[in-house]
Each structure stands twice: as C-alpha cells, then as structure tokens.
Amino acid sequence: MAEGIVTLSTSTFDETVGASSTPVIVDFWAEWCGPCKMIAPILAEIAVEQPGLTVAKLNVDDNPDIAMRFNVMSIPTLLVFDKGEVRKRLVGAKGKGQLLQELSEFLPTSR
C-alpha cells in the first residue's frame, strides 16, 4: 500500500476509525475496480500532502460485512469519518481538485 495510507480490515476498522483524532477518509475499493485504481494515486498524494487527514483503504471483497454495514453499493465509495461518525459520502472516481474541494471542510486549514 502507498505511503501514508492505512489498510483496514474487519478487525481493525472500528478501532482505527473510532480512535482517530483526525478525520478519516475510508476508500471502499476492490482489486477488479477500474475507477478504484484511477483514484488510488490521488488518494496517496492526499495522504502525504494532508497530514491532518488519515487516508485508509478497505477492500470490499475481503471485508464485505463492513461494506454492508455502511450501505456501500458501488465502488469506489469514500466515506469521511470525523470522531467516529460518517460525515460525508462520495461515490465514484473524482479528480484531485474536485476531491480536495469536496473534502475542504475536513482539511486542517479550513477547520
């Protein structure tokens, strides 16, 4: 996995998302998903450039129970958690500029 990105599983999800002092962006993805592969390098850049955010990935094929728990019906889906609660849902691949704009309320400079 890319530098700065946390890999989540069923056993680490609640602890990681709930205990984080920073907003957590969770990328629900799968190996076979083309758009997921398109946004992966963008998320890797954001993970490095935005130290006030935690970027995490959860493979829906390996962890279907978590995907079902959050009603993830299509991928990529990005859920933004703040203090353990879902604050935003983004569905589909987006460019870096659009993604940063959608996440602006969670970026440290705008908080």
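I looked up the α2–α4 contact first: I42, L43, E45, I46 and E49 in α2 meet K96, L99 and L100 in α4. I take contact as heavy atoms within 4.5 Å. Helices (H or I, at least four residues) and strands (E, at least two) are DSSP runs, numbered from the N terminus.

Notes on the source. The model is predicted, local features need pLDDT of at least 70 and side-chain atom pairs count only at pLDDT 80 or more, while totals for chains, interfaces and linings use all residues. Residues are numbered from 1 along each chain as its sequence is written, and side-chain values use heavy atoms, with hydrogens and water left out.

**Entry: helix packing**

I checked the geometry of α2 (residues 34–49) against α4 (residues 96–103). Their axes are 10 Å apart and the packing angle is about 50°. Axes are lines fitted to C-alpha atoms, for helices over the stretch in contact, and angles run from 0 to 180 degrees between N-to-C directions. The two helices are therefore oblique to each other (under 35 degrees counts as roughly parallel, over 145 as roughly antiparallel, 65 to 115 as roughly perpendicular, the rest as oblique).

I traced the strand order as β1-β3-β2-β4-β5, an open sheet of five strands with mixed pairing. Two strands pair if DSSP finds at least two bridges between them. The edges are β1 (5–8) and β5 (85–91); each has a single partner strand, so one side of each has no neighbour in the sheet. On average, neighbouring strands are turned by 25° against each other, direction ignored.

**Entry: strand β2**

Which strands does β2 pair with? I found six bridges to β3 (residues 54–59), running parallel, and five to β4 (residues 77–82), running antiparallel. On the β3 side, D27 has K57 as its bridge partner. On the β4 side, V24 is bridged to F81, I25 stands opposite V80, and D27 stands opposite L78. β2, α2 and β3 make a right-handed β-α-β unit (with the strands pointing away from the viewer, the path from the first strand over the helix to the second runs clockwise).

I then looked at burial. Buried means under 20% relative accessible area, exposed over 50%, partly exposed in between (1.4 Å probe, protein chains only). Six of the six residues of β2 (24–29) are buried, so the strand is largely enclosed by the rest of the structure. In a regular strand the side chains alternate between the two faces of the sheet. In β2, V24, V26 and F28 point one way and I25, D27 and W29 the other.

I counted six bridges between β4 and β5, paired in the antiparallel sense. These two strands form a hairpin with two residues between them, and K83 in the turn has a positive phi of about 55°.

**Entry: L78**

I followed L78, which is in β4. Its relative accessibility is 2%, so L78 counts as buried. In β5, L78 stands opposite L90. Leaving aside neighbours within four places in sequence, I listed its contacts as I25, V26, D27, I39, L43, K88, R89, L90 and L99. I46 is 32 residues away along the chain, and the C-alpha atoms of L78 and I46 are separated by 13 Å.

**Entry: N63**

Is N63 buried or exposed? N63 is buried, with a relative accessible area of 7%. I placed N63 in the loop between β3 and α3 (64–69). Outside four places in sequence, N63 is in contact with L8, S9, T10 and L58.
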